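Please have a look at the sequence and the structure first.

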Amino acid sequence: MHHAFFYMTKMSESNLPDDAVEVGRIAGAWGVKGAVRVLPYSAEADVLFSVDQWYFLPPEPRFAKTAKTAKTAESLSGRGRQARSLAGQKTEPWPGMLTVQQIREQGDSIIALLQEIPDRNTAELFKGGRIFVCRRDFPELEEGEFYWVDLIGLQVVNQQGAVLGQVTDLMSNGVQSILRIAYEQADVQGVPRQAERLIPFVDAYVGNVDLQSGVIHVDWETDD
């Protein structure tokens, strides 16, 4: 059976490794000891447990929280962004890495104590921050299982050899993963336009997935 696990495609920020993949976002503080609640981009959160350090990008200004005595959230944007305590008395650079001290699952979230976050006030500042893990550090999957990030960009070909398009994204309907495939189609006036096919990523429709050649073979007819 085919399974695809969702991790967003890597971001282009120059301070991240080339194979960094965004795997979650900090949803806010948890408890009184400085823990944070992380929302992983998958029901399978093993990747966050597989490494001791996460790459981190700070929250966008609209997420950043400061006290009335601190500078506005906009002061966190741009070069040399700073994290300020809620009291507005301490200024430190945002960490580029977060060191995991304790981690556990909590429903569909993850609760983590991180070395760089000493208390709840600091944890609240990290809400909206983005977490990345290098693709090379992802856990190995069983045969027939794939990470979404590895499927995006692959060409989709049916049993008749017709090219159905290219995988641009995947989504889940709660039961199975679904390939989103972009292709070009002429409208009624013969003008090419972008269209999309949705193919469930299940054995009934998906045959061989060849990551080396960049092709997914499917049992699916064209729209002609």
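In which strand does N158 lie? N158 lies in strand β11, residues 155-158.

## About the model

The model is predicted: local features need pLDDT of at least 70, side-chain atom pairs count only at pLDDT 80 or more, and totals for chains, interfaces and linings use all residues. Residues are numbered from 1 along each chain as its sequence is written, and side-chain values use heavy atoms, with hydrogens and water left out.

## The chain as a whole

The protein chain holds three helices and 16 strands. These elements are DSSP runs numbered from the N terminus, with helices being H or I of at least four residues and strands E of at least two. The chain has 224 residues, and 42% of them count as buried. Buried stands for under 20% relative accessible area, exposed for over 50%, and partly exposed for what falls in between (1.4 Å probe, protein chains only).

The accessible surface of the protein chain is about 12,400 Å², and carbon and sulfur atoms contribute 46% of that surface. The areas come from the Shrake-Rupley method with a 1.4 Å probe, and for residues only the protein chains shown count as cover. Among contacts in the chain with a separation of 6 or more, 55% are between residues 24 or more positions apart. A contact here means heavy atoms within 4.5 Å.

## The barrel

How many strands close into a barrel, and in what order? Six strands do, in the order β2-β3-β8-β7-β4-β9, with antiparallel pairing. Neighbouring strands of this sheet are turned by 45° against each other on average, direction ignored. For such angles, axes are lines fitted to C-alpha atoms (for helices over the stretch in contact), and angles run from 0 to 180 degrees between N-to-C directions. Two strands count as paired if DSSP finds at least two bridges between them. As background, strands of a sheet pair through backbone hydrogen bonds, either parallel or antiparallel.

Strand β2 (residues 20-30) and strand β9 (residues 130-134) run antiparallel and are joined by five bridges. Across this pairing, R25 stands opposite R130 in β9. R130 also meets E22 through their side chains in a salt bridge of 3.3 Å, N to O. Since R130 lies in strand β9 and E22 in strand β2, the pair ties together parts that are 108 residues apart in sequence. Both partners are worth a look for their cover: R130 is buried at 9% relative accessible area, and E22 is buried at 2%.

## Two further salt bridges

A salt bridge is a side-chain nitrogen of Lys or Arg within 4 Å of a carboxyl oxygen of Asp or Glu, and by this rule the count comes to five. One of them joins R120 and E124, with the closest N and O atoms 3.4 Å apart. These residues are four apart in helix α2 (residues 120-125), so about one helical turn separates them. R120 is partly exposed at 33% relative accessibility, whereas E124 is buried at 18%.

Another joins E196 and R180, with the closest N and O atoms 2.9 Å apart. This pair links distant parts of the chain, as E196 is in strand β14 and R180 in strand β13 (residues 177-186), 16 residues apart. E196 is partly exposed at 40%, and R180 is partly exposed at 29%. Leaving aside residues up to four places away in sequence, E196 touches R180, I181 and Y183. The C-alpha atoms of E196 and Y183 are separated by 6.1 Å, with the two residues 13 apart along the chain.

Is N158 buried or exposed? N158 is buried, at 5% relative accessible area. A polar atom of the N158 side chain lies 2.9 Å from the backbone nitrogen of A162. Not counting residues up to four places away in sequence, N158 touches L164, V218, W220, E221 and T222.

V218 brings us to strand β16, where V218 stands opposite V206. Strand β15 (residues 206-210) and strand β16 (residues 215-218) pair in the antiparallel sense over three bridges. The two strands form a hairpin with four residues between them, and G214 in the turn has a positive phi of about 75°.

Key: A polar contact is a pair of N or O atoms within 3.5 Å; within protein, one must be able to donate a hydrogen and the other to accept it, and residues adjacent in sequence count only if both atoms are side-chain atoms.
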